[in-house]
Amino acid sequence: MKKKLMLIYKKLLNNYGEQGWWPIINNYTCEYNKSFKHDKKTTKQKFEICIGAILTQNTAWKNVEKSLINLKSANIFSPNKILSTPDSKLTSLIRPAGYYNVKTRKLKEISKFFLEHKDDFENESLSREELLKVWGVGKESADYIMLYALNKPFFIVDAYTIRIFSRMGFFDEKRKYDFVQDFFQKNLPKDYKIYNEYHALIVEHAKRHCRKKPLCNGCILRKDCRYYFKNDKELKRKKLKKI
DNA sequence: CGCCAGGTGGGAT
DNA sequence: ATCCCACATGGC
């Protein structure tokens, strides 16, 4: 199993290349680059990852980018600025990311938390349990922050992770966050760089091929995939019937 | 037009 | 525990 998961990782990496997560805004061009490396983030970048993690909840990253650029352009990009901005103003800026009323509250909650735990963010001594107490921060958002802001080895589980690996036959699609996270953490080296890149590759693969309605044509994992074989057999049966 | 997107909290059963 | 729903814009 350990080899299998690493093999899939290498196939994805060979095919899609390094993803360079987490995307961080370029201060000069106000554009997002994905050439970001695994080095230690500045405090500002850590906070940027926190608000990105909130805004991207059940939302396409493209829409999150628009909201982040709005915030950046309005010079509302720090915990203090967010806390001192009226809800109505914040709401209008993050509008493209959807759920703007709840997310406005969530941004204020994480900002308050960030200020209260500034030392923990700077020393990278923050605990996941503390993060999970913040209203609006669930397991996935907490792990995004732990992994991408603080380089801690927490494997991210999202809808894509469960979709891809349940289709491939590793576990049932009804498995929940903790089970799936344990599964990956038990079967992969405990290395934040691998977790970082693996998750980003999963997102890329889900977008390109393993969609809700899968595009198995050209999928590099289909030889390893139960879902594909199941449909392949059905396809052959239909063809035989025709003949 | 309908479906989907890098979830979460809250309430009912 | 588990299911169900509200939350909402923009891209295809």
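Which helices each supply at least two residues of the surface near DNA strand B? They are helix H9 (139-149), helix H10 (159-167) and helix H12 (192-208), where helices are DSSP runs of H or I with at least four residues, numbered from the N terminus, and a residue is near a strand if one of its heavy atoms lies within 4 Å of it. The model is predicted, so local features need pLDDT of at least 70 and side-chain atom pairs count only at pLDDT 80 or more, while totals for chains, interfaces and linings use all residues. Residues are numbered from 1 along each chain as its sequence is written, chains are lettered from A in the order in which they are written, and side-chain values use heavy atoms, without hydrogens and water.

H9 gives the most to this DNA-facing surface, with four residues. Among the 25 residues around DNA strand B, those that come nearest are Trp 22, Trp 135, Ser 141, Tyr 160 and Arg 163.

Turning to the protein itself, chain A is assigned domain 1 (1-20 + 160-243) and domain 2 (42-150), with bounds from an automatic or database domain assignment. Their centres, taken over C-alpha atoms, are 29 Å apart. One salt bridge is found across the interface of domain 1 and domain 2, the term meaning a side-chain nitrogen of Lys or Arg within 4 Å of a carboxyl oxygen of Asp or Glu. The side chains of Asp 178 and Lys 139 meet in a salt bridge, at 3.1 Å from N to O.
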